Amino acid sequence: MSEIYTMPGHLIRRLQQISISVFTDRMKALGHDLTAPQFATLAVLSKSPGIDQATLAGLIAHDRPTIGGVVERLEAKGLLTRRRNEKDRRAMVLDLTDTGARLLEKLLPEVRALQSEILPGLTKAEHTEFVRLAAKVAKLGNDAARAPMVLPEVAQDNT
């Protein structure tokens, strides 16, 4: 057996593949063409309406060009709106539409439920410990990311 199968980087890549596959399959089964970054965008906008695309990118740890495409596709689906920020004409302010809010409300329980499918075979305690350790590593490694997570100062104090 190759050493690669015990390397964290390889295992993290495999877990990402599993996560995306489970998410994509569930969305298809529910009759929706929604990606994980699109879902994350809807979830963040539901809690932070009126933020700009740059702030959104930081909150979900995606690069700005990727977020631009995500926002365009969600706008085309009628799930969010974009408008110019009156204080900074270069920035686009984002809000969920009623359709986007309803879809998020419908999908959130499904996405919560599929989390155990992403980590099959773990006990509840193991699942909790995995999430705790993964969050710790993500937080401590954030500065090394090409698209780091950028949380508002208030939220950073509570993490």
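**Helix packing and the core**

Helices α2 and α3 are roughly perpendicular to each other, a label given to angles of 65 to 115 degrees, whereas those under 35 count as roughly parallel, those over 145 as roughly antiparallel and the rest as oblique. Their axes cross at roughly 110° and come within 10 Å. Axes here are lines fitted to C-alpha atoms, for helices over the stretch in contact, with angles running from 0 to 180 degrees between N-to-C directions. Helices (H or I, at least four residues) and strands (E, at least two) are DSSP runs, numbered from the N terminus.

Before going on, a word on the model. It is a predicted one, in which local features need pLDDT of at least 70 and side-chain atom pairs count only at pLDDT 80 or more, while totals for chains, interfaces and linings use all residues. Residues are numbered from 1 along each chain as its sequence is written, and side-chain values use heavy atoms, with hydrogens and water left out.

Back to the α2 and α3 pair: on the α2 side you will find Pro-37, Ala-40, Thr-41 and Val-44, which meet Leu-56, Leu-59 and Ile-60 of α3. By type, these residues divide into 6 nonpolar, 1 polar and no charged; Ala, Val, Leu, Ile, Met, Phe, Trp, Tyr, Cys and Pro count as nonpolar, Asp, Glu, Lys and Arg as charged, and the others, Gly among them, as polar.

Now turn to α1 and α5, whose axes lie 10 Å apart at an angle of about 140°. These two helices are therefore oblique to each other. From α1, the residues making the contact include Ile-18, Val-22 and Phe-23, and from α5 they include Leu-107, Val-111 and Leu-114. The contact divides into 9 nonpolar, 1 polar and 3 charged residues.

Leaving aside neighbours within four places in sequence, Phe-39 is in contact (heavy atoms within 4.5 Å) with Phe-23, Leu-34, Leu-104, Leu-107, Leu-108 and Val-111. Phe-39 is also among the residues that touch the most other members of the largest nonpolar core, which has 28 residues; the others are Leu-34, Leu-42, Leu-56 and Leu-74. Such a core is a set of buried Ala, Val, Leu, Ile, Met, Phe, Trp, Tyr and Cys residues joined through side-chain atoms within 4.5 Å. Buried means under 20% relative accessible area, exposed over 50% and partly exposed in between (1.4 Å probe, protein chains only). Helix α5 gives the largest share of this core, 6 residues.

Finally, Ala-61 sits in the loop between α3 and α4. Ala-61 has a positive phi of about 55° although it is not a glycine.
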